[in-house]
Amino acid sequence: MPDAVVIGAGPNGLVAANVLVDAGWSVEVLEAQEEPGGAVRSDRGVHPDYVSDLFSAFYPLAAASPVLARLDLPAEGLRWSHAPRVLAHPLRDGRCAVLERSVRDTADGLAEFAAADAVAWQDMYDVWRRVGPDLVRAMFTPFPPLRAGLRLAAKLRTAGGLRLARDLMLPLRRLGEEEFAGEGGRLLLAGNALHADLAPEADGSGGFGWLMSMLGQGHGFPVPVGGSGALTAALVNRLRRRGGTLRCGERVASVVVRGGAAVGVETADGEAVAARRAVLADVSAPALYGGLVGAEHLPGRLLRDLRRFQWDFATFKVDWALTGPVPWNAPQASEAGTVHVADGVDGLTRFASQIAMGQVPDEPFALVGQMTTADPSRSPAGTESAWAYTHLPQRVVSDAGHDRITGRWDLREQEAMADRVEAQVERLAPGFRALIDARRILAPSTLQAMDENLHNGAINNGTTALHQQAVFRPVPGTGRPETPVKRLYLASAAAHPGGGVHGAPGANAAHAALRPLGPHALLHRAQRV
C-alpha cells in the first residue's frame, strides 16, 4: 500500500508526486491516458520529420517557478532553448511590436511607435525587477501567502505601493492608455492578457498582461529542447529514480471515502488502490466534486457553489509542418518564437466580445508558435514546425463568420475553422498557406478527449477572472488544496494559483498532505454553512 495515490500524471500531479517522494513517502500515480504529461506532451503526428507540441509549448512560468527550480530538472536531462526574439505582434502596415530578449532592445523598438514609450517600458520593467521575484513567490505559495506576502508588502512600499496595486487591477485597455503613448506597448500587454480568457476591458486584465510581459522580458518564453514532452520526461524520470510508481492507462472512477477521510481510489476496471496517508487529485474541480467524490461526502454549500463554476474559453488549435519559415510582412516576426495575430487592441476587444456573446469569431485572434525558430531540433533545416491556437465560446450560440459553425465540430466545421485561422495568418504573411506540407486540427472536443482537464480545450482549468482567483478558486471559501474530505487534496490548476505550467498547485497539495490539520480548517468550515 503506497502512502499516497496521485490521480493524474499532468505536470501538477507529477510535481506533487516528486515532492512527496522527496519527503520519504511511497507514491503511486494513476493516469487515464496511455502516456503521462497531461497538457505537456509532444509527438510526430503531423509529419514524421517534425516534432509538434500537442498542447502547451512556451514556458515562462516554468522558467520563473521556484517550485520547478527546487526539483533541479536539468539534472534529469531537461534543456531549454530560446528564439532570437521572445514575442512579436505584427500589423498590416508593416510595423511590429517586439518583446526582445534585452529590455533596452524592447524599449528601442517601442520608441518607434512613440518616443516616450522607451522610458515607459524601462520604468515598468524596473518596477518588475524590484517586486517580481517576491510576487512570484507569493503567487506560488499556498493561500494566504503569509511570509511571502510580508516580503512582497515591504517591496511594494518602495515600488509605488497602492498605485502599483491599482495599476494591476486596471482593465488592460486603461493600463495601456495610461502607460504608453503609442500602440506598441499596448499591443504587447493586450496580446499577453489573452493568453488567458481576459478581454482588454476586464478588471485585472492589465495585471495579467503586465505579469506575462514582464516574465517574458525577464525570463523569455523558453521551450524544452526536443519538444514539450522532454519536460514531462524529466519529471517522470526523477520520480521513478526516487522510487515512485507511474501507471498509465489506469482511469480512476472514484475516490474511496470512509469515516469522512479518503482511503484510496477505485479504477474503472474495479481495482481498489488503497492509500495509507493521502489522495491527491490532479483533476478539474467539477470532475472531483461532481463525480469522483460522492455527493454524500460533500457540503451542500460547495455543491451549490460548484454550479457557478466558470470555465475559461474553449480552444481550437492547428498544427503545421511548413516547408519554409513563415513569410511575415514584418521581418522582426520571423525571429520570434511567439507571434500574436490581431488588428490591434480594438481587434482583440472585438474578438473577446464575440466570444462573450457566444459567437465563433469571424476574425479570430491567433497565437502562433514558431517552434523551429525557438528550437532548431524540431524540424529539418529551412523548415518550420508551427502551430496556432485561438479561443472560442464554451457554448456556441452562433457564427460571426459565414461558415455556419455550430460547435458540433464535425469534419466540415473543423476544416472551416482551420481555414479561418490560416486566413488570419495569411493576411500578415502572404504566401503562408503555400508552405503547408501537412496540418493537424485539434478541435475543442479533440483536446478534451486527449486530456479531460481541458474541458472543450479550456487551458486554465477555470477562468482567470478575478471572481475565481485566490480564496474564490475554485469556489468561494476554498483557495487552498485541502478539501472537505480529510486526506483528499486538490492538486490541479483548478486550485490556487491556477493555470500555467509552474507546478505550484501540485506542490501546494503535497505540502498540505505532509502537514495536515493546519489552519485550512477555518476555510472549509465556511463551506459547511
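Student: In which helix is Asp 167 found?
Tutor: This is a predicted model, and its helices are numbered from the N terminus. The helix that spans residues 162–169 holds Asp 167, and that helix is α7.

Student: Does Asp 167 count as buried or exposed, and which residues does Asp 167 touch?
Tutor: A residue counts as buried when its relative accessible area is under 20%, and Asp 167 has a relative accessibility of 17%, so Asp 167 is buried. Leaving aside residues up to four places away in sequence, the residues that Asp 167 touches are Leu 175, Glu 178 and Glu 179.

Student: How many residues of helix α9 are buried?
Tutor: Helix α9 runs over residues 183–193 and is mostly covered. Among its buried residues are Leu 187, Leu 188 and Leu 189, as well as Asn 192. Of the 11 residues in α9, the number buried is nine.

Student: How many aromatic pairs are there, and why is the pair of Phe 309 and Trp 311 edge-to-face?
Tutor: The count of aromatic pairs comes to nine. Planes over 60 degrees apart count as edge-to-face. The ring centres of Phe 309 and Trp 311 lie 5.1 Å apart with planes at 85°, so this pair is edge-to-face.

Student: How many residues apart in sequence are the parts that Trp 320 and Phe 432 tie together?
Tutor: Both Trp 320 and Phe 432 are buried, and their ring centres are 5.0 Å apart with planes at 80°, so they form an edge-to-face pair. Trp 320 belongs to strand β14, while Phe 432 sits in the loop between α16 and β20, so the parts tied together are apart in sequence by 112 residues.

Methods. Residues numbered from 1 in each chain as written. Predicted model: local features only at pLDDT ≥ 70, side-chain atom pairs only at ≥ 80, totals over all residues. Heavy atoms only, no water. Buried < 20%, exposed > 50% of the residue type's maximum accessible area, 1.4 Å probe, protein only. Helix = DSSP H or I, 4+ residues; strand = E, 2+ residues; numbered from the N terminus. Phe/Tyr/Trp six-rings, centres within 6.5 Å; stacked < 30°, edge-to-face > 60°. Contact = heavy atoms within 4.5 Å.
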